[in-house]
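Colleague: I have a model open and would like to go through its packing. Can you take my questions one at a time?

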Amino acid sequence: MLPAIAREAVAPAAEYEGFIGWVLSLMTTIGEVGVGLAVLIETFFPPIPSEAVLPGAGFLAWDGRMNVWWAIIAATLGSLVGAWVWYGLGAALGRTRTRWIFEKVPLLETADFDKAEAFFTRWGGAAVFFGRCVPLVRSFISIPAGVERMGLGVFTLYTTLGSLLWNAIWIGLGFAFGPAIDPVLEQWSGVLSTIVLVLIAVAIAWFILVRVRKRLKARDEESPAED
């Protein structure tokens with residue numbers, strides 16, 4: 001590991017390559033605020049998973065570039081702000097208009113909203129708390145909470161606790177395994193970045209393929225009935 005003075009003289013992008021280098025550069029340049037910003041972006045763009053971002057914050061904290069506790073707090077605030085936005089949209093639109101949007105937006109289905117609403121209706125606060133720890137669900141569980149007009153204070157409490165747990169786990173892992181992560185990133189950050197981007201692209205392509213095939217199958221089944 002480079003001495004602290006030497007590391008400060010090197011631009012983050014020069015140390016690490018690719019997507020990983022970009023994420024670490026963002027968080028290093030802006031500090032803990034960058035962690036919160038990265039999590040906020042993930043709230044609206046789930047293909048960039050927090051599981052790939054938060055350990056990087058923990059690693060930077062181990063490396064002395066930020067405070068681990070402030071990183072956790074910033075990540076939790078980023079999650080909370082994103083959750084408030086989705087909650088507000090659900091509350092403003094209501095059930096009928098929200099369901100209509102799911103019906104009209106390409107690759108979304110009313111079944112997606114119905115399942116999220118049923119899950120929230122059954123579990124309430126627990127759905128918000130544990131939903132913060134589930135990929136994709138953590139972005140959209142706030143919508144039915146807003147539609148059902150869950151108390152904002154209660155929603156904020158469960159969202160904060162669930163996000164705090166999730167962020168602490170992943171940032172803590174990055175901090176704990178910092179000594180092992182450092183040499184790997186120094187040698188393989190470019191390769192690992194490519195792997196991460198390929199996995200994200202494959203996941204998006206698979207999602208699109210499944211939804212398109214489902215739409216085409218439903219259309220084919222409707223055609224004979226119309227004839």
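Colleague: Which handedness does the crossing of α5 and α11 have?

Modeller: This is a predicted model, where local features need pLDDT of at least 70, side-chain atom pairs count only at pLDDT 80 or more, and totals for chains, interfaces and linings use all residues. Residues are numbered from 1 along each chain as its sequence is written, and side-chain values use heavy atoms, with hydrogens and water left out. A crossing is left-handed if the near helix is turned anticlockwise from the far one by less than a right angle, and right-handed if clockwise. For α5 and α11 the crossing is right-handed.

Colleague: At what angle do the axes of α5 and α11 cross?

Modeller: Two packed helices are described by the angle between their axes and the distance between the axes. Axes are lines fitted to C-alpha atoms, for helices over the stretch in contact, and angles run from 0 to 180 degrees between N-to-C directions. Angles under 35 degrees count as roughly parallel, over 145 as roughly antiparallel, 65 to 115 as roughly perpendicular and the rest as oblique. The α5 and α11 axes come within 6 Å, and their crossing angle is roughly 50°, which makes α5 oblique to α11.

Colleague: How many nonpolar residues does the contact of α5 with α11 have?

Modeller: Contact means heavy atoms within 4.5 Å. Leu54, Ala57, Gly58 and Trp62 are among the α5 residues that meet α11, whose side includes Trp166, Trp170 and Ile171. Ala, Val, Leu, Ile, Met, Phe, Trp, Tyr, Cys and Pro count as nonpolar, Asp, Glu, Lys and Arg as charged, and the others, Gly among them, as polar. By class, this contact of α5 with α11 has four polar residues, one charged, and nonpolar 10.

Colleague: Which residues touch the most other members of the largest nonpolar core?

Modeller: A nonpolar core is a set of buried Ala, Val, Leu, Ile, Met, Phe, Trp, Tyr and Cys residues joined through side-chain atoms within 4.5 Å. Buried means under 20% relative accessible area, exposed over 50%, partly exposed in between (1.4 Å probe, protein chains only). In the largest core, of 24 residues, the ones touching the most other members are Met27, Val35, Leu54, Met66 and Ile171.

Colleague: How are α4 and α5 oriented to each other, parallel or antiparallel?

Modeller: Their axes come within 10 Å and cross at roughly 175°. The contact is made by Val35, Ala38, Val39 and Glu42 of α4 with Ser50, Val53, Leu54 and Ala57 of α5. Therefore α4 and α5 are roughly antiparallel.

Colleague: Is Glu42 buried or exposed?

Modeller: Glu42 is found in helix α4. Leaving aside neighbours within four places in sequence, Glu42 contacts Ile48, Pro49, Ser50, Arg138 and Ser139. With a relative accessible area of 4%, Glu42 is buried.

Colleague: What is the relative accessible area of Ala71?

Modeller: Ala71 sits in helix α6. Not counting residues up to four places away in sequence, Ala71 touches Glu32, Val35, Met66 and Ile171. Ala71 is buried, and its relative accessible area is 0%.

Methods: Helices (H or I, at least four residues) and strands (E, at least two) are DSSP runs, numbered from the N terminus.
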